[in-house]
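Welcome! Here is a short briefing to read alongside the model, grouped by topic.

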Amino acid sequence: RLLVMAPLQVLVGSWNVNACSPTSSKTGNVSLNSWLCQSPTPPGIVGVTLQEIVPLTEVKNYTSNKKSNDNTEDWRRSVCDTLKKAYGNVSYQTLEVHNLVGMMTLVLVQSDLFNRVSNVRVGNSVGRKGLGNKE
């Protein structure tokens, strides 16, 4: 088996979105572009964690909360759309979307690299008794 090494750009970031949706008037339509697309070269892998994707008063109900599921999908779609607009010739596939209480983690991989990714592991809880993201 021949192993070919090639450089790979990886973008990793974390952002507290203060319980707003990507198009919320509270955030003034946040510009994901200025955060995600600082490089002229598209990243091969994008890992993003968003904190407080639901109001803190709803955190207890996060795992069964329809609003949190909707917010997760809205943010996933917005990140993908932002990357597509910035790097039109590159498409991304979702490798993982994982929710914890009040936060989400999203991992995207360029479509042409997707089949090369293996042995993916995702934690399922952090914090006290697995119910939060802080001790």
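Trp35 is partly exposed, with a relative accessible area of 24%; partly exposed lies between buried (under 20%) and exposed (over 50%), using a 1.4 Å probe and protein chains only. This is a predicted model, where local features need pLDDT of at least 70, side-chain atom pairs count only at pLDDT 80 or more, and totals for chains, interfaces and linings use all residues. Residues are numbered from 1 along each chain as its sequence is written, and side-chain values use heavy atoms, leaving out hydrogens and water.

*Aromatic pairs*
- The structure holds two aromatic pairs (ring centres within 6.5 Å, with the six-membered ring used for Trp; planes under 30 degrees apart are stacked, over 60 edge-to-face, the rest tilted).
- Trp15 and Trp35 make a tilted pair, 5.1 Å centre to centre with 50 degrees between the planes.
- Trp15 and Trp75 form an edge-to-face pair, at 6.0 Å and 75 degrees.
- Trp15 sits in strand β1 and Trp75 in helix α2, so this pair ties together parts 60 residues apart in sequence; helices (H or I, at least four residues) and strands (E, at least two) are DSSP runs numbered from the N terminus.
- Trp75 counts as buried, at 1% relative accessibility.

*Nonpolar core*
- Leu83 and Leu108 touch the most other members of the largest nonpolar core, which has 19 residues (buried Ala, Val, Leu, Ile, Met, Phe, Trp, Tyr and Cys joined through side-chain atoms within 4.5 Å).
- Helix α2 gives the most to this core, with four residues.
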